[in-house]
Amino acid sequence: MDTRKSALLAIILLLLTSFFVFDLSQYLSLASLKAQQVALNAQVLANPWLSGGLFFVLYVLVTALSLPGAALMTLVGGALFGLLGGTLLASFASTLGATLAMLSSRLLLRDWVQAKFSKRLAGINQGIEREGASYLFALRLVPVFPFFLINLAMGLTKLPARTFWWISQLGMLPGTLVFVNAGRELAQLDSLAGILSPGLIGAFVLLGLLPIISRKLLELVKARKVYAGWQKPTRFDRNLLVIGAGSGGLVSAYIAAAVKAKVTLIEKHKMGGDCLNTGCVPSKALLRSAKLANELKKAEQLGFKPIKAEVDFAAVMQRVQRVVADIEPHDSVERYTQLGVEVLQGEAKITSPWTVEVNGQSLSARSIVIATGARPLVPKIPGIELVAPLTSDNVWDLREQPKRLLVLGGGPIGCELAQAFQRLGSAVTQVEMTERLLIREDLEASEAVMASLRHDGVELRLQHKAVRFEVVDGQRQLICQNLIDNREVVLPFDQVLLALGRVANVKGFGAEELGLEVRSNGTLETNEFLATRFPNIFAVGDVTGPFQFTHTSAHQAWYAAVNGLFGGFKRFKVDYRVIPWATFTDPEVARVGINEQDAKDQGIAYEVSRFGIDELDRAIADEAAHGYVKVLTVPGKDRILGVTIVGEHAGELIAEYVAAMKHGYGLNKVLGTIHIYPTMAEANKYVAGEWKRAHAPASALRWLARFHQWRLGAAEGAGSTQQAANDKAG
C-alpha cells in the first residue's frame with residue numbers, strides 16, 4: 001500500500017475509532033438534540049457564522065465517514081437555521097461529504113473490490129457505462145440504496161468526480177428540502193399537542209410522498225427525453241395492441257380482454273405461434289409415438305411374448321399434424337374473437353411509439369406488446385446450402401423416414417428429437433461441441449440422458465465441431481473436427497437436423513426505426529417491467545428472453561399486459577425467482593432453481609438431499625426404477641434452493657417443488673404432506689425424509705433413548721412391587 005493510501009486509511013480509522021470510543025453517537029439522536037434545542041438556538045443567534053461553519057464541518061465528517069446520522073443532521077439544519085439556511089448548509093455539506101467518501105472509496109477500495117466482487121457490481125458498471133450521470137441521478141432522486149452505499153459504489157467506477165458532485169447536488173436537493181422543512185416544523189413543537197399541528201403533519205406527509213413524487217418526476221423527465229420528436233395522438237383507437245399470436249401474445253390479449261380493455265392482436269403466420277405449430281405440441285406428439293415404439297421392445301419384461309411392430313413413419317407424422325389440428329381451436333381466431341379480442345391477419349409495422357400499420361391501415365394504442373418470438377438458428381457452415389437442412393420449423397413436413405439422420409446440437413431439442421427418430425427406426429448420429437449433452441444440467445443428469453441415448457442406439461459425437469458440408473457422388477456428409485485430437489471425421493447422412501438454439505425475431509416490424517435496443521445475445525432489451533426504451537412498448541417471450549419456454553412467455557405476458565394497461569397507477573416487476581423447465585427425453589430431466597454446478601459457479605453454500613427412484617415401489621412395479629430426486633437446501637435449514645428430478649414423469653413431479661419455492665415452504669412441509677401410495681410422487685416425500693434424517697437432533701434422540709430405557713426399568717420395578725404385595729396377601 002502506497003503512502004497516500006496508508007495516510008488516508010490511518011486518518012479514517014482514527015476518526016472512526018474516536019467516534020465509537022467516545023460514544024459520540026449519543027449526541028446524534030433526536031432526543032439528545034431536542035433536549036439541547038434551547039442552548040443550540042441561543043448559540044446560533046449569538047454566533048450564526050461560527051455555528052453554521054461548525055454544523056457544516058460536522059455534517060461533512062458524518063457523510064464522508066459514512067456514519068449514521070446524516071438524515072438527523074438534515075433535520076437539525078432545518079431546526080437551527082430555518083428552511084433557506086438549513087437547505088443551503090445541508091445540501092452543500094452532504095454533497096461535499098459524499099464526494100469525499102466517493103474519492104476515498106476510489107483510492108482505497110476500487111482495485112480490490114472490482115476484482116473480488118465483479119459479478120455483483122456488474123449491474124452498476126453497466127449502468128455507468130450506458131448512462132453514467134442519468135444512472136446516478138436516478139439513484140439520488142429515488143433512493144433504492146442508502147446514500148452511503150451509493151457514495152462507496154460510485155468510487156469503484158470511472159465516473160468523473162465533477163459529474164458526481166453536480167449530479168449529487170441536484171439529485172439530493174428535493175430530499176434535503178423536505179427533510180429540512182420537517183426539521184423546521186419539529187423545532188416548533190413545544191408539547192405533545194403540537195404533533196397534530198397542520199405544519200408538522202404536512203412536513204411528514206411530504207416526507208412520505210418524496211419517493212413517489214421523485215419517481216414520478218424522474219419518469220416524466222425520461223419520458224420527455226425518449227418521446228422527443230414523436231407526435232403523440234390526441235386519442236387512441238384501442239388500449240393495447242399485441243404483435244404476435246404465440247403464447248406471450250395470446251395471453252397478453254386474453255388478459256386485456258378479460259379486464260374489458262379494447263385490444264387488437266396481429267399475426268402474420270399461424271395462430272398459436274411456434275409452440276402449437278412447430279414446437280412443443282408436435283414434438284410431444286412425436287415423442288409419444290416414439291415412447292410406444294420403445295415400450296413394445298420391453299414386452300417380455302411385462303409378461304408378453306416378443307412383439308414385432310413396424311413403424312409407419314408417414315402415419316406417425318400425419319398423427320402429429322392431427323394433434324396440432326385438434327389443439328388449434330384453443331388458439332384460433334374464432335375463440336379469441338369470442339373472448340373480445342380483435343384479431344387481424346397480416347404483417348405489423350410499428351410506425352411510432354403509439355401506432356402500428358397492418359394491411360394498409362394505421363392503428364393507434366396507448367400500449368404495445370411485442371411478442372414476435374424466435375426462429376431456429378441456421379449457422380453459416382460452408383456447404384450448408386447443399387444439404388437442405390431440417391430445423392424444428394420444417395422437420396414436421398417429413399413423410400419419408402430418413403435412414404441416417406444427423407443431429408447437430410446437444411441441447412433439449414436436439415436430445416429429444418435424436419431419441420425420438422432413433423426409436424422410430426432411423427440411425428441417428430448426434431454431434432455436440434462440448435464434452436457432454438445438456439450442458440446446463442448437472443453432470444449426473446447429463447450422464448443419465450447420454451446413457452439412455454446410447455442404449456437406444458444413438459451415436460454420440462461429443463467434442464466434435466462441424467467444419468463443412470459436402471456432397472460427394474450424391475452422398476451428403478459432414479466433415480467434423482475432433483476437438484480432442486484435431487482429426488477430421490467424415491459423417492455421412494441422408495438428412496441433417498439443426499438444433500443449435502433459436503434467434504429472436506427483432507427485425508421487420510419497426511424495431512430498428514424506433515431505435516429499440518438489442519442485447520449482445522440478439523434479444524430485445526427490456527427493463528424489470530418488460531418495457532423497452534419506450535415505457536409504453538413492452539416485449540415478452542422468446543424475443544426478449546431470458547428463458548425461451550412457453551410457460552415463461554405466458555408468465556411474462558401477465559406483467560406486460562397489466563403494466564401496459566395500468567402502469568400509470570401501479571407497475572409490477574417481472575418475477576423470475578421460480579422458473580421450472582423440463583427436457584422430455586427418456587428419462588425426463590426436470591429442474592427448478594439452481595443445481596449443483598450453478599451453486600458452485602455462484603459461490604452459494606448448499607446441502608444435497610438425494611433419493612434414488614430405483615427404491616420407489618411404484619417405479620419398480622412400472623419397470624421404471626431409474627433416476628433420482630436431488631434437492632439443494634440452505635445449510636442447516638429446509639429452505640429449498642433448487643431441485644433436479646431425473647426419471648419417469650419428472651416434468652409432473654417437479655410441480656410440488658415449484659409450489660414450495662414459490663410460496664416459501666420447505667422440506668418439512670413436503671414431508672408432512674400425505675402422498676398417495678403407490679405413486680411416483682412419493683419420491684418427493686422420501687427425499688424430504690432423507691433431509692430430515694440427516695438433520696435429526698442427535699443429542700435429543702440420545703436423551704429420548706435414555707427416557708424410554710428408564711420407562712422400561714420403571715415398568716419392571718412396578719411389576720416386581722405388585723408381585724411382592726400379592727405374595728404377602730396370599
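Biologist: What does the accessible surface of the protein come to, and what share belongs to carbon and sulfur atoms?
Modeller: This is a predicted model, so keep that in mind throughout. The accessible surface comes to about 37900 Å², and 60% of that belongs to carbon and sulfur atoms.

Biologist: And how many of the residues count as buried, as a percentage?
Modeller: The protein has 730 residues, and 46% of them count as buried.

Biologist: How many helices and strands are there?
Modeller: The secondary structure comes to 27 helices and 21 strands. Looking at contacts with a separation of 6 or more, 65% are between residues 24 or more positions apart.

Biologist: Let's zoom in on strand 14. Which of its residues are buried?
Modeller: Strand 14 covers residues 495-498, and both of its faces are covered. Gln 495 and Leu 497 are buried on one side, while Val 496 and Leu 498 are buried on the other.

Biologist: In what sense does strand 14 pair with strand 8?
Modeller: The two pair in the parallel sense, over four bridges, with strand 8 made of residues 404-408. Within that pairing, Leu 408 stands opposite Leu 498 of strand 14.

Biologist: What about Gly 410, where does that sit?
Modeller: Gly 410 is in the loop between strand 8 and helix 17, the latter being residues 412-423.

Biologist: Buried or exposed?
Modeller: Gly 410 counts as buried, because its relative accessibility is 7% and the cut-off for buried is under 20%.

Biologist: Which residues is Gly 410 in contact with, leaving aside its neighbours within four places in sequence?
Modeller: Gly 410 is in contact with Cys 415, Gln 430, Val 431, Glu 432, Leu 437 and Leu 438. Take Val 431: it is 21 residues away from Gly 410 in sequence, and the C-alpha to C-alpha distance is 7.0 Å.

Biologist: You mentioned helix 17. How does it pack with helix 18?
Modeller: Helix 17 and helix 18 (residues 443-456) pack at an angle of about 25°, and their axes are 10 Å apart. That angle is why helix 17 counts as roughly parallel to helix 18. The crossing of the two is left-handed.

Biologist: Which residues make that contact?
Modeller: From helix 17 there are Cys 415, Gln 419, Gln 422 and Arg 423, and from helix 18 there are Ser 452, Leu 453 and Asp 456. Cys 415 also came up among the contacts of Gly 410.

Biologist: Now helix 4 and helix 5: what is the angle there?
Modeller: Helix 4 (residues 48-64) packs against helix 5 (residues 70-108) at about 45°, with the axes 7 Å apart. So helix 4 is oblique to helix 5, and their crossing is right-handed.

Biologist: Changing topic, what is the strand order in the open sheet of three strands?
Modeller: The order is 11-12-13, and the pairing is antiparallel.

Biologist: How many bridges link strand 11 and strand 12?
Modeller: Eight bridges, in the antiparallel sense, with strand 12 running over residues 475-482. His 464 stands opposite Asn 482 of strand 12.

Biologist: Last one: which residues of helix 24 are buried?
Modeller: In helix 24 (residues 655-663), Glu 656, Tyr 657, Val 658, Ala 660 and Met 661 are buried. Gly 664 follows helix 24, and its phi is positive, near 80°.

Terms used: Residues numbered from 1 in each chain as written. Predicted model: local features only at pLDDT ≥ 70, side-chain atom pairs only at ≥ 80, totals over all residues. Heavy atoms only, no water. Buried < 20%, exposed > 50% of the residue type's maximum accessible area, 1.4 Å probe, protein only. Pairing = 2+ DSSP bridges. Contact = heavy atoms within 4.5 Å. Areas by Shrake-Rupley, 256 points an atom, 1.4 Å probe, with all protein chains shown as cover. Axes fitted to C-alpha atoms, helices over the stretch in contact; angles between N-to-C directions. Parallel < 35°, antiparallel > 145°, perpendicular 65-115°, else oblique. Left-handed = near helix turned anticlockwise from the far one by under 90°.
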